[in-house]
Amino acid sequence: MNDGTRQNPPQDASENRIQRLKRIELQRYAPLFALLLLGTISALLSPYFLQVQNLVNIFRQVSYTGIIALGMTLVIISGGIDLSVGSAAAFVGALAILTVNTPAVQAFGAGTAVFLACVVAVGAGFFAGAVNGLLITKGRIAPFIVTLGTMALFRSLTLYMGNAGEFSSRNALFGDFAAGSFLLLPVPVWVFLILAALLNILLNDTKYGRHLCAVGGNEKVALYSAIDVDRIRFFAYAINGAMVGISSALLASRFNAVSSSNTGLGFELDAIAAVIIGGTAMTGGRGTVWGTVVGAVTLGVINNMLNMVGISPYLQGTVKGLVIIAAVYIQRQKN
Amino acid sequence: MDDGFLEMRGICKSFSSVPVLRDIDLSLRRGEILGVIGENGAGKSTLMKILGGIHQPTSGEIRSRGQRVCFRTPAEARSGGISLIPQEFNLVKDLCVYDNVFLGAELHGPLGMLSKKRMQRRTAELLAELGTDISPTERIANLSAAQKQLVEIAKALAFEAELLIMDEPTTVLTSHEVQILFRLMRRLKERGMSIIYISHKLKEIKAICDRVLILRDGEFVCEKPTAEMSLEEMASRMVGRELSQIFPPKRLPRPDQVPALEVRNLSVRGLLRNVSFSLAPGEVLGFGGLVGAGRTEVAETIMGLRRADEGEILLSGTPLKVRFPEDAVRAGVSYLSEDRQGSGILTGFSVTENVTLVSLGSYVRSLLGGSGSFFGLLDKSRERRSASHYRDLFNIRAPSLDARLEFLSGGNQQKVSMAKSLDTHPRVLVADEPTRGIDVSAKQEMYRFIADLAESGVSCIVISSEQEELLGLCHRVVVMRDGRIAGVLEGASLTEEEIMFHATGIREEAKAG
């Protein structure tokens, strides 16, 4: 160290960076690998698992909460959460059935009545989401609190309207429209996949989707980048509400009825779980729609597997809870 | 080195196999101030975090008075006599001064209750030793940056620290406060305290440090007494090449045209009073003044991030109504934020996504005639072309355009932030502290971009706390104080002294007296 200077051979740091980027790519597909692994295990446990009818059933079962999970993906990417989806589903479903039972509506004919009921469901869902969105953006109240409040509110209104009983449709067609199949797949599955494709485009290929990620990533940066933060967040809740409406219409059709106390119970858990398992960051800012689809199917496969090996249905909640916590824990480790 | 109070030998550190430090040696005597300098990403902060117990070295050893030590947590480093004052202070802003001084080592009474009186008394003693009259029961949120720093130092003294590590302590201080800090550092040094001082400001290193250690790209460059090194030598050793002229030559703005931007009597309650100025096309107008004088607030008001209570903004002679930032951007005004991480860039977004964040509307393919609507699709290949254009123009070094910004150095992040502000093709650019926290060579490049922009007819406002920057880059300088314009300097009156006089109010007092 006579002149206080030393030379070291230069090293290529960029190569290491590329390796690091590759590892992140692998992490992105982790949910898919988990699902494939789970599927393999299920197939080994029961030969029945891989039968077409069973797989179709799994898809149909997950499509209702899956559709809600698609909207929830947007909400969670925006940095928020929506706990009211289950209650809103019951509320909106009840309105749809009340619509289809109204004599004035039935006078248009059964088909038109069903169509109007669906429009009411989607419209009311959008409205319910808009209420959440307004309270969160204009009222500056934390999403958790607002949707906890509306969760109680929508359920209570539904119980009141139905006297804690059931809303049954008096229109036979209403019970049919979502029961059919098209090219092997039940209608709800088609709706789920088509909505997933649409929201995937919305998230990845539109200005709205990019701005949504920006708002969830860092609200202040978004504000300073001339993004209308309130508008972006508002629409995340409103779109989620519309998704609840679509899901609710399909669900009401399946049973041709809505139970004011049971319909939609625990949907928020399933929807949030699907989003988280699908790799969307709970902190907001990034996520994928296809990940949510994988997450929803994963939950369905878990349920199916538990049923097949004869584990009590009461324990399914335990498994679901553990899976959510594990998924978030793994996300933590990644960062 | 028989007097070796602290020694680090052969320190290497890698983060997920990316080496950030290679074989670094450092030695420190008692009562010595060691300066550590280097460009962004040189590894200074990492080296200090190893000393502070936040990171563990991948290899190498630390010896304290000849004993090998190993700090696995900040608490262990603290009990080893090492206190680290990070750039962003480590204080709980809702707690009182004394709570913070004793945070994590509270004094207890016999029943396990906090003995607040004893802690307050001890805090008062420590603060008095530091020559300040901050009340121990004051809430941190009510303190200035300089006062918070004193609280951090008091905290170090409370733990009987023998080594104080200060990471960029002067970025948030006014030059007067810097002088007070230096006096305090010299007193601590006389009492036998060793200090490691990290800074980008070479003049300060020269003024306060006994020796200086220079790092570059995670490697040791040299270590010498500061007396034996000139500022130029430090700068070129840091960068690894001779620095030519730092500032590009100034080109004259085009006079006698309609001002590109004119602000008349802008007032925001409690922040700005009657701010008026105008900006010619192609002019670079500097904004000087102390931190908190209202410079950023002027920019934020023009951008629609704050509501003006009074006043008018004219853009090329046309009144500009801004209610939202979008209005300002659409009218051709762009803002480069002073707080890169906090409000400038998205670290989780790629280079491309950051560059087009503000201008995204112009990349929407209009399908149904409407643009910027929900279902217009983004033209991603055009986005990439834009990003690649700015990468070449600004010499942005990134693994790829898809790399997230968290993998880029501060200087490159700043260039991306600049590209983001320019991609809206503004007529007026407001650059707030455009070179804060970036290294010398990136600074030089920033200066060139701003000069080139002005040359091409874009008017620029440069808000800066670095006086050399104002002098070297700007045609005229507006100096602000307490939310008002204290003076506009140009030509022969544009000197560091004049800026300081106006910023501190000495000039006005002289006039009055």
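Hi everyone, let's start with a sheet in chain B of this predicted model. It is an open sheet of six strands, in the order 16-19-20-13-21-22, and the pairing is mixed. Which strands stand at the edges? Those are strand 16, residues 333-336, and strand 22, residues 484-490, both of chain B; each has a single partner strand, so one side of each is left without a neighbour in the sheet. From one strand to the next, the twist averages 20°.

Now let me zoom in on one pair. Strand 13 of chain B, residues 284-289, runs parallel to strand 21 of chain B, residues 476-481, and five bridges join them.

Next, the helices. Helix 9 of chain B, residues 295-302, packs on this sheet and touches strands 13, 16, 19, 20 and 21 of chain B. Its direction makes about 145° with that of strand 19 of chain B. Then there is helix 15 of chain B, residues 440-455, which lies across strands 13, 19 and 20 of chain B and runs at about 150° to strand 20.

Let's step back to the domains. For chain B, the assignment gives domain 1 as 4-239 and domain 2 as 261-332 + 426-512. Their centres, taken over C-alpha atoms, are 34 Å apart. How many residues are in contact between these two domains? Eight residues of domain 1 of chain B meet eight of domain 2 of chain B. On the domain 1 side, helix 8 of chain B, residues 231-239, gives the most, with three residues. By class, that side has four nonpolar, three polar and one charged residues. Thanks, folks!

Note on methods. Residues are numbered from 1 along each chain as its sequence is written. Chains are lettered from A and ligands numbered from 1 in the order in which they are written. This is a predicted model: local features need pLDDT of at least 70, side-chain atom pairs count only at pLDDT 80 or more; totals for chains, interfaces and linings use all residues. Two strands pair if DSSP finds at least two bridges between them. Helices (H or I, at least four residues) and strands (E, at least two) are DSSP runs, numbered from the N terminus. Axes are lines fitted to C-alpha atoms, for helices over the stretch in contact, and angles run from 0 to 180 degrees between N-to-C directions. Two residues are in contact if their C-beta atoms, placed from the backbone, lie within 7 Å. Domain bounds come from an automatic or database domain assignment. Ala, Val, Leu, Ile, Met, Phe, Trp, Tyr, Cys and Pro count as nonpolar, Asp, Glu, Lys and Arg as charged, and the others, Gly among them, as polar.
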